[in-house]
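Hi everyone, thanks for making the time today.

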Amino acid sequence: MTMHMLAPMPSYSIIKTNSFQMRSPTSIVDVDRLDSWTRYKPGMCDSCAANCCTMPVEVKMADLIRLELVDPFEAEHEEPKQIAKRLMKAGFIDHFNFKNSIFTLARRSSGDCQFLDAKERHCTVYAKRPTTCRTHPQVGPKPGFCPYGALAQSRAK
Ligand code: SF4
């Protein structure tokens, strides 16, 4: 499952991954199984193990600039594919879609986003997080639903 962002409104699609290897050890729901998702309610994130942060996140150049992975000058003067090459080499992105200039943020072997605090399950770049993360779960594979999994339960595993 991928958190896509395509202008003007983000959309989503499924990317086949090795879900066994990419599954976070604290995840207690299968993020790829939409029927296991929970209807989102305000406040839910406070007790969640951040399962949404184990899905691949697709971002645009503006997100990478906000995350300070790309300098605005570089974005203006360098070809996106060259920037993608640099970011991939540095381990910041996993994939670059040449056709629509969409980058996929790199994840750890656990499946966690590189910006997730693996223990506390908090985003370490929250103020600068990508648009895809900001619009989840209003926009997503199942709008209004998320792969909620209680933090206490996952820690007890
Ligand atoms: S950038 Fe932050 S909110 Fe977005 S997936 Fe990564 S840890 Fe989660």
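Ile65 is partly exposed, because 16 other C-beta atoms lie within 10 Å of its own; the cut-offs are 20 or more for buried, 12 or fewer for exposed, and partly exposed in between, with C-beta atoms placed from the backbone. Please keep in mind that this is a predicted model, where local features need pLDDT of at least 70, side-chain atom pairs count only at pLDDT 80 or more, and totals for chains, interfaces and linings use all residues. Residues are numbered from 1 along each chain as its sequence is written.

Ile65 sits in helix α2, residues 61-66; helices here are DSSP runs of H or I with at least four residues, strands are E runs of at least two, and both are numbered from the N terminus. What is Ile65 in contact with, leaving aside its neighbours within four places in sequence? Those partners are Val70, Pro72 and Ala75, where contact means C-beta atoms, placed from the backbone, within 7 Å.

Now to the strands. β4, residues 102-105, is covered on both faces: Ile102 and Thr104 are buried on one side, Phe103 and Leu105 on the other. Strand β2, residues 58-59, runs antiparallel to β4 and is joined to it by 2 bridges; pairing requires at least two DSSP bridges. Val59 has Phe103 as its bridge partner in β4. β4 also pairs with β3, residues 93-97, antiparallel again and over 4 bridges, and here His95 is partnered by Thr104. β3 and β4 make a hairpin with 4 residues between them, and Ser101 in the turn has a positive phi of about 55 degrees.

Phe103 comes back in the largest nonpolar core, which has 26 residues; Ala50, Val57, Phe103 and Cys113 have the most contacts inside it. Such a core is a set of buried Ala, Val, Leu, Ile, Met, Phe, Trp, Tyr and Cys residues joined through C-beta atoms within 7 Å. The elements giving two or more residues to this core are α4 (80-89) and β4, and β4 gives the most, with 3 residues.

Finally, the ligand. Its surroundings include Val57, Cys113, Phe115 and Arg129, counting residues whose C-beta atom, placed from the backbone, lies within 6 Å. That shell divides into 9 nonpolar residues, no polar and 1 charged; Ala, Val, Leu, Ile, Met, Phe, Trp, Tyr, Cys and Pro count as nonpolar, Asp, Glu, Lys and Arg as charged, and the others, Gly among them, as polar.

Notes: Contact = placed C-beta atoms within 7 Å.
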